[in-house]
Amino acid sequence: MAESVCECCQTIKIHGMIFNVVERIREQNPQDVEEGKCLAHWKAMDKKILNISYLQGYISDFCKDPMENNVDWFYLACRVFTRWAFGVLGRGVRIQIPECVMKRISETFPL
Ligand SMILES: [Zn+2]
């Protein structure tokens, strides 16, 4: 499987500043880190970010209930990813999600 580390999930820009995503996850959820592997293919992606029963625990934080379609699940998965990777963000802070992660989210919840 092509799961080598891709550049897109190693660094990311937030308000023009470069952050190392893996280091941020290591602070938030050290048990989930898998060294030397594209984070889109970490076990935590399947267990958490792409897993509807895990996502359901966050509906009341981020979405209206009931969830109606993949647009809702796609949006929720993006929000849960940033919460998982970066913790609670200030209001209005927007984070660009790594391309490889976006790809997996959109494969799971096709729009
Ligand atoms: Zn990647």
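Predicted model: local features only at pLDDT ≥ 70, side-chain atom pairs only at ≥ 80, totals over all residues.
Reader: Which residues does Ile97 touch, not counting residues up to four places away in sequence?

Author: Two residues are in contact if their C-beta atoms, placed from the backbone, lie within 7 Å. On that rule Ile97 touches Cys78, Phe81, Thr82 and Met102. Residues are numbered from 1 along each chain as its sequence is written.

Reader: What is the mean pLDDT of the protein chain, and where is confidence lowest and highest?

Author: pLDDT is the predictor's confidence in each residue, from 0 to 100. The protein chain has a mean of 87, and 93% of its residues reach 70 or more. Confidence is lowest in S1, at a mean of 73, and highest in H2, at 98.

Reader: How many helices and strands are there in the protein chain?

Author: Helices (H or I, at least four residues) and strands (E, at least two) are DSSP runs, numbered from the N terminus. The protein chain holds six helices and two strands, in the sequence pattern β-β-α-α-α-α-α-α.

Reader: How many bridges join strand S1 to strand S2?

Author: Two strands pair if DSSP finds at least two bridges between them. Here S1 (residues 11-14) and S2 (residues 17-20) run antiparallel and are joined by four bridges. Thr11 has Asn20 as its bridge partner, and Ile14 stands opposite Met17. The hairpin has two residues between the strands, and His15 takes a positive phi near 50° there.

Reader: Is Ile97 buried or partly exposed, and why?

Author: The test is a neighbour count: a residue is buried if 20 or more other C-beta atoms lie within 10 Å of its own, exposed if 12 or fewer, and partly exposed in between, with C-beta atoms placed from the backbone. Ile97 counts as buried because it has 20 C-beta neighbours inside 10 Å. Ile97 lies in the loop between H5 and H6. His41, in the loop between helix H1 (21-28) and helix H2 (43-49), counts as partly exposed because it has 18 such neighbours inside 10 Å. Over the protein chain, buried residues make up 23% of the 111 residues.

Reader: Which residues does Met45 touch, beyond those up to four places away in sequence?

Author: Met45 touches Ala40, Leu50 and Arg104. Met45 is in helix H2 and counts as buried, because 23 C-beta neighbours lie inside 10 Å. From Met45 to Ile105, 60 residues apart along the chain, the C-alpha separation is 9.2 Å.

Reader: Which residues of helix H6 are buried, and where do they fall when seen down the axis?

Author: In H6 (residues 99-108), the buried residues are Val101, Arg104 and Ile105. Seen down the axis of H6, they fall within an arc of 100°, so they line one face of the helix. The arc is that of the directions from the helix axis to the C-beta atoms. What covers these residues includes H2 and helix H5 (70-86).

Reader: Which residues touch the most other members of the largest nonpolar core?

Author: A nonpolar core is a set of buried Ala, Val, Leu, Ile, Met, Phe, Trp, Tyr and Cys residues joined through C-beta atoms within 7 Å. The largest one has 21 residues, and Ile49, Ala77, Phe81 and Val101 touch the most other members. H2, H5 and H6 each supply at least two residues of this core, and the largest share, six residues, comes from H5. Leaving aside neighbours within four places in sequence, Ile49 is in contact with Ala77, Val80, Phe81, Trp84 and Ile105.

Reader: What radius of gyration does the protein chain have?

Author: The radius of gyration is taken over C-alpha atoms, and the globule rule is 2.2 Å times the number of residues to the power 0.38. With 111 residues, a compact globule would come near 13 Å; the protein chain has 14 Å, which agrees. The C-alpha trace spans about 35 × 35 × 25 Å along its principal axes.
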